[in-house]
Amino acid sequence: MPSLRGLLRAFDLAAHVAGPLALIVSNDTVAPLYLEQLKVRLPSCRLLEVVLADGESHKTLDAVSRILDALAEGGAGRDTTVTARRAC
């Protein structure tokens, strides 16, 4: 079974991003491992990122609010791509 790093290298993420803006949502455990690799895969996009605390107890309306605030402040539109990264 390929590693997540190997899958990231093989997957053409940019082909699935239609607009000029993308938001990457991750947590403080996974982001240090994979966030930079994702950013490199989207060279033509303006990127926003939201890094949330890890754990079920942090999956709250406050976390959703942080994501929505980032989209609003970043000028997100209907063509903005949102992707979330978690450990496998």
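I take buried to mean under 20% relative accessible area, exposed over 50%, and partly exposed in between, with a 1.4 Å probe and protein chains only. Helices (H or I, at least four residues) and strands (E, at least two) are DSSP runs, numbered from the N terminus.

I note that this is a predicted model, in which local features need pLDDT of at least 70, side-chain atom pairs count only at pLDDT 80 or more, and totals for chains, interfaces and linings use all residues. I number residues from 1 along each chain as its sequence is written, and side-chain values use heavy atoms, without hydrogens and water.

**Strand β1**

I looked up β1, residues 21–27, and found seven of its seven residues buried, so the strand is largely enclosed by the rest of the structure. One side holds L21, L23, V25 and N27, the other A22, I24 and S26, and all of these are buried.

**Neighbours of β1**

I count two strands as paired if DSSP finds at least two bridges between them. Strand β2 (residues 46–52) runs parallel to β1 and is joined to it by seven bridges. I traced A22 to its bridge partner in β2, L47. From β1 the chain passes through helix α2 (residues 31–40) to β2 in a right-handed β-α-β crossover (with the strands pointing away from the viewer, the path from the first strand over the helix to the second runs clockwise). Strand β3 (residues 81–84) is also parallel to β1, with four bridges; there, V25 stands opposite A84.

**Helix α2**

I found A31, Y34, L35 and L38 of α2 buried. Seen down the axis of α2, its buried residues fall within an arc of 115° and so line one face of the helix; the arc is that of the directions from the helix axis to the C-beta atoms. On the face of α2 turned away from its buried side, I recorded the exposed residues P32, E36 and V40.
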